[in-house]
Amino acid sequence: MKTTRKINLQSIIRLGVGLFLSFGLIFNLSAEDREKPSLKKKPIKVLMVGGDASHDFDKWYKEVDAATLEMKGLAEVTYTDDTDNIKDYLDTIDVLFLANNKAINDIATREAIFAFADAGKGIIIAHAGMWYSWTDWPEYNKELVSGGSRGHDRYGKFDVNLSDIKHPVTKGVPSHFSLEDELYYQKVDPDGPGIEVLAHASTEGKEPFPSVFIVKHPKAKIVGIALGHDAASHEFEPYQTLIRNAVKWAAK
């Protein structure tokens with residue numbers, strides 16, 4: 001019995017010493033971890049541009065899309081519908097999100113957007129932003145969109161089929177989905193840099209059109225997303241995934 005008590009006492013002592021050392025190690029590691037700089041990624045800075053008729057830009061872009069991009073700290077979004085003021089933001093952002101139906105008339109702003117692209121920055125061309133809107137600025141559609149739309153189906157339901165499910169922009173997006181929107185007749189300019197189509201939009205028996213694509217700009221990372229008329233897109237999870245993916249890809 002005496003031998004047993006001695007062994008148990010020694011075991012208890014050893015256990016106590018071990019626990020003491022373990023707690024000391026844990027404390028030291030915790031202290032070191034507290035002193036390390038935060039590894040949390042900074043949000044991507046996005047300037048979102050909207051404005052003019054035919055769409056509720058304040059509701060669907062300024063409010064809903066901005067909130068979608070800011071979820072989980074992905075982005076920090078600034079919205080403007082003052083298209084001639086875009087140049088004032090370009091030095092402080094990572095991605096320019098052009099959804100505007102409103103003309104960009106200021107020559108200095110146009111030049112600044114092209115300089116932003118030539119610097120290898122990220123650009124999202126969304127819905128109305130890819131329309132052939134400005135006859136006095138054909139370089140915009142030719143070089144930044146590599147084409148554009150001059151018409152669309154009447155608002156209604158159509159199918160979207162991914163042609164590239166492995167691209168970072170389409171990650172997590174269903175390979176096929178349907179929604180109600182304006183099916184843009186997106187055409188490629190043969191004199192532009194060209195596009196890599198990630199998804200086509202179509203209705204049964206009709207010609208498919210590029211709906212999500214990458215513009216093969218020599219320097220910038222440009223994503224075109226033709227969807228985005230109203231709630232049916234902006235509150236739709238595949239669309240939300242697309243714009244979040246697009247911003248992440250364009251910002252790299």
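In this predicted model, Lys 59 has a relative accessibility of 29% and therefore counts as partly exposed. Its salt-bridge partner is Glu 63, with a distance of 3.2 Å from N to O. Glu 63 is likewise classed as partly exposed, because its relative accessibility is 46%. Both residues belong to helix H2 (residues 57-70), where they sit four residues apart, about one turn of the helix.

This pair is one of four salt bridges in the structure. Another joins the side chains of Lys 87 and Asp 106 at 3.3 Å, N to O. Lys 87 is located in the loop between strand S2 (75-80) and strand S3 (95-98), and Asp 106 in the loop between S3 and helix H3 (107-118), so the bridge ties together parts that are 19 residues apart in sequence. Relative accessible area is 31% for Lys 87, which is partly exposed; Asp 106, at 25%, is also partly exposed.

Lys 187 and Glu 207 form a further salt bridge, their closest N and O atoms lying 3.5 Å apart. Here strand S8 (residues 184-188), which holds Lys 187, is tied to the loop between strand S9 (195-202) and strand S10 (209-215), which holds Glu 207; the two parts are 20 residues apart in sequence.

Beyond its neighbours within four places in sequence, Leu 96 contacts several residues, including Leu 47, Val 49, Ile 86, Phe 116 and Ile 124.

Note on methods. Residues numbered from 1 in each chain as written. Predicted model: local features only at pLDDT ≥ 70, side-chain atom pairs only at ≥ 80, totals over all residues. Heavy atoms only, no water. Contact = heavy atoms within 4.5 Å. Buried < 20%, exposed > 50% of the residue type's maximum accessible area, 1.4 Å probe, protein only.
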